[in-house]
Amino acid sequence: MNKSELIETLAKSENLALKKAEEVVNTVFGDMEKALIRGERVEIRGFGSFKVKKYDGYQGRNPKTGDIINVASKKLPFFKVGKELKDRVDI
Amino acid sequence: MTLIKEHLVRSTYDNVGLSKSKSSEAVERVFEIMRDTLASGEDVLISGFGKFCVKEKSERRGRNPATGHDMVLGARRVVTFRCSPVLRNKILDDDEATF
């Protein structure tokens, strides 16, 4: 399922105009995105939570050549599956 | 601060112009649709945000770390999230000062 299918399904089940459904979906993911960019946690009960994890930079080696390289620090978002979703997916 | 569903509902009410109860219902439905889809074994791809994938894990031998006993962990189905490169770069480019 992609975003436009999600929008269509939402429009049908909530009896919304397609445009309104699109705005709802864009608001939901737009707000979650903005929170993550600010470094905040997102917690959706029954679905899951998102958190940005920070990794320190370190000095590594290119395994092929043995050259020392600096690996920059990075931030990556992590998703933890909520209990209800976890239970429903696992069969 | 943690972003929760209530914030998404208020934002939907402010930006989309639906009633309070309709906004609440619609936001709840978005996650319900994604849960249903994932439960049916289908992935959900939100372009620009990321992809929620259903992965089949096969049975494997594990060990109870507390007792050290060998045990068999059964096959199961889990959800994983792969962040979109677009979102990853936005998070990465943001000022370090937020941490």
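This is a predicted model: local features need pLDDT of at least 70, side-chain atom pairs count only at pLDDT 80 or more; totals for chains, interfaces and linings use all residues.

Biologist: Let us begin with the two chains. How many residues of chain B are in contact with chain A?

Modeller: Contact is counted here when heavy atoms lie within 4.5 Å. By that rule, 53 residues of chain B touch 46 residues of chain A. The area buried between chain B and chain A is about 4,900 Å², and carbon and sulfur atoms give 68% of that area.

Biologist: How many residue pairs are in polar contact across the interface of chain B and chain A?

Modeller: There are 19 such residue pairs between chain B and chain A, counted with both residues at pLDDT 80 or more. On the side of chain B that touches chain A, the elements giving two or more residues include β1 (2-4), α1 (5-16), α2 (20-39) and α3 (85-93) of chain B. The largest share of that side comes from α2(B), with 15 residues. By residue class, the side of chain B that touches chain A divides into 28 nonpolar, nine polar and 16 charged residues.

Biologist: How should I read the salt bridges, and how many are there between chain B and chain A?

Modeller: In general, side chains of opposite charge can pair when their charged atoms come close. Between chain B and chain A the count is six salt bridges. One salt bridge joins A:E14 to B:R29, with the closest N and O atoms 2.8 Å apart. Over all chains, the structure holds 20 salt bridges.

Biologist: Which residue meets A:K83 in a salt bridge?

Modeller: The side chain of A:D87 meets that of A:K83, at 2.8 Å from N to O. A:D87 and A:K83 are separated by about one helical turn because they are four residues apart in helix α3 (residues 83-89) of chain A.

Biologist: What describes a pair of aromatic rings?

Modeller: Such a pair is described by the distance of the centres and the angle of the planes. A search of the whole structure finds twelve aromatic pairs over all chains. In one of these, A:F50 and B:F81 are arranged edge-to-face, with 5.3 Å centre to centre and 80° between the planes. This pair crosses between chains: A:F50 is in strand β2 (residues 48-55) of chain A, and B:F81 is in strand β6 (residues 76-83) of chain B.

Biologist: Let us turn to the domains. Into which domains is chain B divided?

Modeller: Chain B comprises domain 1 (1-40) and domain 2 (42-99). Taken over C-alpha atoms, the centres of domain 1 of chain B and domain 2 of chain B are 23 Å apart. Five residues from domain 1 of chain B and seven residues from domain 2 of chain B take part in the contact.

Biologist: Which residues in domain 1 of chain B lose the most area to domain 2 of chain B?

Modeller: The area buried between domain 1 of chain B and domain 2 of chain B is about 540 Å², with 67% from carbon and sulfur atoms. In domain 1 of chain B, B:M34, B:T37 and B:L38 lose the most area, together 82% of what that side buries.

Technical notes. Residues are numbered from 1 along each chain as its sequence is written. Chains are lettered from A and ligands numbered from 1 in the order in which they are written. Side-chain values use heavy atoms; hydrogens and water are left out. Domain bounds come from an automatic or database domain assignment. Buried area is the accessible area (1.4 Å probe) that two parts lose on being put together, summed over both. Rings of Phe, Tyr and Trp (its six-membered ring) pair if their centres lie within 6.5 Å; planes under 30 degrees apart count as stacked, over 60 as edge-to-face and the rest as tilted. A salt bridge is a side-chain nitrogen of Lys or Arg within 4 Å of a carboxyl oxygen of Asp or Glu. A polar contact is a pair of N or O atoms within 3.5 Å; within protein, one must be able to donate a hydrogen and the other to accept it, and residues adjacent in sequence count only if both atoms are side-chain atoms. Ala, Val, Leu, Ile, Met, Phe, Trp, Tyr, Cys and Pro count as nonpolar, Asp, Glu, Lys and Arg as charged, and the others, Gly among them, as polar.
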